[in-house]
Amino acid sequence: MPDFTSPRGATAMSWKPLALLITGGAVLALAAPHAQGSPYSDAVLADGPVSYWQFEDATVSHGDLAADTRGVNPGTYRISGGSITQVPNPLVGIGGNAAEFSSDAGLGDNTGSTTAYVEVADDDTLDFTTAMTMEAWVNTTYNDSSGADFFPRIMDKRFDTGYGLYTNENGGELILFIEDVPGVGYRSGVSINDGEWHHVVATFDSADTDSEVKIYIDGGSPVATHAFAGPLNPNTEPFAISSEVFGGVTGNTGFPGLIDEAAVYDYALSQGRIQAHYNAAFTTERSTLNLDVESSGNELVFTWTSQSGTLYNLLSDPGLAADWPVWDGHQDIEATPPENTLTISRPVEPVRFFVVQAFPAPPVTVFTEDFESGQVAW
């Protein structure tokens, strides 16, 4: 079966494809297994990242492709003297491989002679203005007590005109740089260089007044919040994982450690969804839709378990194409817990495949007011 990665914001969270074999009025429903992935990747893809690099590539030599699971912004492995090694990720809800970046890329004086990183070409989808999220799992023990001006980059799109997620060279503190405001980055106050795996997330949302920037470590509440009204300004720099970007990817100030499941979003993930991602890394259970179909004359009746706060699309294809279109306008179907029922006209083809696709509903504005323009000054 194809691995469903349909348009951003409506990616399959959980699905059970059905082959409808229509012969003499009978409908035979054949349930297919899950697509490749993990509980963690299911959770990430449910939230529609712009790009998602999982480091599951067949080879990670210099010049090899670093696949974007979304297929939007593939990268290239760049190695000069350093190394990139695939290391098993021990978290049961993720599994597969993480990328270990071994490099002195600027350690101490920003003139490192060995580099190892992933370079992603500039693309409009990586330019964010009013909201964004950076997310990854990392593991490092690096600490430099020399006082050198070195910030190991987890992800970077030029700190002074774009954004980047770094650690501090002295103490391993997680830091968000966003257009170099306030000049030394938005600090988390929490070190992550203890040799353990950490889920690191930084969000920006210009609509969240006075706490537009939030930094999360290992789920829970933000470890730090900061004010930054924005907006972000697009730049023409590339994007890099484990490298500085400054007039191109320099290869300096890489991340000495492991990175996995790196993702970026064009909106701010909520605290609840960040917690859901973190939790998914520690479970082996993958959510499924209990989907049934019945034949009723010239109609087919779909029934599936549903959850509040979820929308659904009905996708269909007569074969097993990579991308399945929405069937007959049945998209953004609101949940009616505990189950949804959808009746459609029987398709004319003798064989047609259907998928019910689930994804989180967007937030709803319940009240808005401009207190700056009232009759009295505020």
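User: What makes two strands count as paired here?

Analyst: DSSP must find at least two bridges between them. This is a predicted model.

User: How do you know that β10 and β11 pair?

Analyst: Strand β10 (residues 153-156) and β11 are joined over three bridges, in the antiparallel sense. The cut-off is at least two, so they pair. One of the contacts sets Asp-156 as bridge partner of Gly-164 in β11.

User: What lies between β10 and β11 in their hairpin?

Analyst: Six residues lie between the two strands. In the turn, Arg-158 has a positive phi of about 70°.

User: Why is β12 called a partner of β11?

Analyst: Five bridges join β11 to strand β12 (residues 173-178). At least two are needed, so this is a pair. The two strands run antiparallel. Gly-164 stands opposite Phe-177 in β12.

User: Why is β11 called largely enclosed?

Analyst: Five of the five residues of β11 (residues 163-167) are buried, so the rest of the structure largely encloses this strand. Buried here means under 20% relative accessible area.

User: Which residues point which way from β11?

Analyst: Tyr-163, Leu-165 and Thr-167 point one way. Gly-164 and Tyr-166 point the other way. All are buried.

User: How many residues does the chain have, and what share is buried?

Analyst: The chain has 378 residues, and 51% of them are buried. Its elements are two helices and 24 strands.

User: What share of the contacts between residues at least 6 apart in sequence join residues at least 24 apart?

Analyst: The share is 64%. A contact needs heavy atoms within 4.5 Å.

Conventions
Residues numbered from 1 in each chain as written. Predicted model: local features only at pLDDT ≥ 70, side-chain atom pairs only at ≥ 80, totals over all residues. Heavy atoms only, no water. Helix = DSSP H or I, 4+ residues; strand = E, 2+ residues; numbered from the N terminus. Buried < 20%, exposed > 50% of the residue type's maximum accessible area, 1.4 Å probe, protein only.
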